[in-house]
Amino acid sequence: MSTQKQFTNPRAKHGFRGRTCSIISVGSYVPEKVITNADLEKMVETSDEWITTRTGIKERHIAGEKEFTSDMAAKAALRAMQRGNITPDQIDLIIVATITPDMPFPATACLVQHRIGARRAAAFDVEAACSGFIYALEIGQQFITSRTYETVLVIGAEKLSSIVDWKDRNTCVLFGDGAGAAILQHRPDAHGLLTACMGAEGDKAELLCMPGGGSRCPATPESVASGLHFLRMDGKETFKNAVIAMCTAGQEALRRCDLDISRIKCVIPHQANRRIIDAVGDRLGIKPDQVFVNLDKYGNTSAASVAIALDEAVQQRRIQRGDLVLMVVFGAGLTWAAAVIEW
Ligand code: UT7
């Protein structure tokens with residue numbers, strides 16, 4: 001027996017006899033403008049030393065005034081389509097994971113559909129904050145394995161700079177903008193997305209949220225003046241919950257596939273804080289050379305985070321066909337998810 005196949009495909013274990021779903025290509029985009037820690041030192045009372053030691057972030061990319069989430073999403077999508085030799089007419093469905101849509105409605109996915117000329121595609125958004133890309137992958141996977149669609153485009157994209165309070169040092173140093181995309185199809189020679197565990201804990205919604213702008217608190221001069229349209233976070237509590245949830249989700253995903261962590265070629269964690277990644281790595285027994293980290297360059301890009309990291313890991317050949325990949329994420333909601341992929 002080939003050593004590559006020594007794991008369980010949980011979908012097969014539970015009687016699933018249908019098609020598998022693979023990521024056939026990936027792409028990403030980050031805006032040109034970079035804000036370094038030194039730049040932030042001039043904007044709020046902070047230091048490169050504090051940001052680096054507490055988070056691991058050195059710089060982040062920030063979209064231009066006239067560059068929106070749909071623009072970044074479309075650019076990442078076009079790169080993935082080019083690499084996968086996918087024409088716009090082949091795309092059946094577009095799912096965009098984002099908490100910073102261009103507008104509350106219509107869905108950013110519809111704007112992307114127009115931008116890339118995918119006229120046949122259905123389009124909708126998924127809102128699961130930093131966990132959104134894995135949520136969207138799992139949703140896309142369902143459409144492929146059920147034979148509803150042949151080709152699904154999944155995107156994680158954010159313009160977090162538009163909801164960050166640039167006067168609040170507790171949050172403004174943490175986030176960045178960007179997008180990552182993946183094309184899903186059935187490939188007869190690969191198991192593809194083996195499993196995805198997803199969870200949520202809505203009683204902790206207030207730990208990380210943007211209170212204004214929805215039906216509970218529509219925009220008024222007062223709500224804007226009170227800063228209710230900016231992202232708010234209880235950093236310490238979010239940190240603790242992130243470590244616990246990412247460990248639990250990662251372990252569950254591995255257990256479902258009867259895999260030991262040593263079999264995973266590359267672990268792609270949500271890029272929020274280097275200390276969270278290290279704590280999860282310690283608890284799951286992940287070796288430093290197994291884990292992919294790029295948050296020093298981009299900060300936390302929420303739903304785009306693991307999508308951009310996946311693309312970079314593939315372009316750097318840290319992941320090759322046949323490798324097993326574990327992705328683990330955590331975000332507002334609270335939400336979390338983990339996925340195991342045979343690349
Ligand atoms: O993507 C969703 C998931 N998000 C996360 O997982 C983020 C989770 N949380 C974190 O990454 C960390 O909690 C932070 C990076 C946000 C904060 O790190 P911390 O070690 O938990 O710091 P802290 O909140 O305990 O703050 C310590 C001190 C405070 O000062 P006092 O009250 O001790 O005097 C803060 O005011 O650091 C201060 N501080 C800063 N100092 C310099 C907070 N932000 C800054 C800053 N520069 N930018």
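The paragraphs below take up the domains, the ligand, the salt bridges and some backbone details in turn.

The model is predicted, with pLDDT of at least 70 required for local features and 80 or more for side-chain atom pairs, while totals for chains, interfaces and linings use all residues. Residues are numbered from 1 along each chain as its sequence is written, and side-chain values use heavy atoms, with hydrogens and water left out.

The chain is assigned two domains, domain 1 (10–185) and domain 2 (193–342); such bounds come from an automatic or database domain assignment. Taken over C-alpha atoms, the centres of domain 1 and domain 2 are 13 Å apart. In contact terms (heavy atoms within 4.5 Å), 49 residues of domain 1 meet 50 residues of domain 2. The size of an interface is often given as the accessible area lost when the parts come together. Here about 4000 Å² is buried between domain 1 and domain 2, and carbon and sulfur atoms give 64% of that area. Buried area is the accessible area, for a 1.4 Å probe, that two parts lose on being put together, summed over both.

Which polar links cross the interface of domain 1 and domain 2? There are 22 residue pairs in polar contact, both residues being at pLDDT 80 or more. A polar contact is a pair of N or O atoms within 3.5 Å; within protein, one must be able to donate a hydrogen and the other to accept it, and residues adjacent in sequence count only if both atoms are side-chain atoms. On the side of domain 1 that touches domain 2, the elements giving two or more residues are α1 (10–13), β1 (22–29), α3 (48–55), β3 (59–61), α6 (132–145), β6 (152–159) and β7 (177–185). Helices (H or I, at least four residues) and strands (E, at least two) are DSSP runs, numbered from the N terminus. The largest share of this side, 6 residues, comes from α6.

The rule also finds 1 salt bridge across the interface of domain 1 and domain 2. A salt bridge is a side-chain nitrogen of Lys or Arg within 4 Å of a carboxyl oxygen of Asp or Glu. Arg83 and Asp311 form a salt bridge, with their closest N and O atoms 3.0 Å apart. By this rule the count comes to 14 salt bridges. Another pair is Arg19 with Glu150, at 3.2 Å from N to O. This pair links distant parts of the chain, with Arg19 in the loop between α1 and β1 and Glu150 in the loop between α6 and β6, 131 residues apart.

The ligand has 22 residues around it, of which Thr46, Lys236, His270, Asn273 and Asn300 come nearest; a residue is near if one of its heavy atoms lies within 4 Å. A polar side-chain atom of Thr46 lies 2.7 Å from a nitrogen atom of the ligand. Backbone atoms also take part: a polar one of Arg169 is 3.0 Å from a ligand nitrogen, and an N or O atom of the Gly235 backbone lies 3.0 Å from a nitrogen atom of the ligand.

Some backbone details remain. Most residues other than glycine have a negative phi, and most peptide bonds are trans. Asn85, in the loop between α4 (69–84) and β4, is not a glycine but has a positive phi of about 55 degrees. Phe105 and Pro106 are joined by a cis peptide bond with omega about 0 degrees. A cis peptide bond also joins Gly333 and Leu334, with omega about -10 degrees.
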